[in-house]
Amino acid sequence: MSYYIAIFIEDHIGEWRVVFPDVPGCEARGFTLHDAQYAAASTLSRCLQEKDAAPLLPMDMAALKKSDEWLKKHAVDWSKAVVSIVSLAV
C-alpha cells in the first residue's frame, strides 16, 4: 500500500479543494471535508491510471514545506490547510 500526501484547502465559500504534491495536475473537490476525502481517494487512483505509470515514491512533509514555488502556486496557507494521507492499493 502506498500513501500520498493530500492537502485540503477550504475556499471562501466553504468548499474544499484537494491537491496532491506528488501528482501534478491531480485535484479533487468536495462540498464538505468528508466529501473531499472521498473524492480525493477516487481522483488519485484515476489520475495515476491515466498517467499509465508506476506511482512515484511519495514526498515527505519536510520536502513539501521547502517547496515554496509549489505552495505558492496552489495557494497553500498552512494555518488553514488540512494535511492528510490518501492510500493507494498497489
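**View 1. The salt bridge between Arg-46 and Glu-50 in the predicted model.** In this predicted model, Arg-46 and Glu-50 are joined by a salt bridge in which the closest N and O atoms lie 3.3 Å apart. Both residues belong to helix 1, which covers residues 33–51, and because they are four residues apart there, about one helical turn separates them. Arg-46 is partly exposed, with a relative accessible area of 39%, whereas Glu-50, at 56% relative accessibility, counts as exposed.

**View 2. The network of Arg-17, Glu-27 and Arg-29.** Salt bridges that share partners bring Arg-17, Glu-27 and Arg-29 together into one network. The two views that follow take up its salt bridges in turn.

**View 3. The salt bridge between Arg-17 and Glu-27.** The side chains of Arg-17 and Glu-27 meet in a salt bridge, with a distance of 3.7 Å from N to O. This pair links distant parts of the chain, since Arg-17 lies in strand 2 (residues 16–19) and Glu-27 in strand 3 (residues 27–30), ten residues apart. Arg-17 counts as buried, because its relative accessibility of 15% falls under the 20% cut-off, while Glu-27, at 34% relative accessibility, counts as partly exposed.

**View 4. The salt bridge between Arg-29 and Glu-27.** Taken as a whole, the structure holds three salt bridges.

Terms used:
Residues numbered from 1 in each chain as written. Predicted model: local features only at pLDDT ≥ 70, side-chain atom pairs only at ≥ 80, totals over all residues. Heavy atoms only, no water. Salt bridge = Lys/Arg side-chain N within 4 Å of Asp/Glu carboxyl O. Helix = DSSP H or I, 4+ residues; strand = E, 2+ residues; numbered from the N terminus. Buried < 20%, exposed > 50% of the residue type's maximum accessible area, 1.4 Å probe, protein only.
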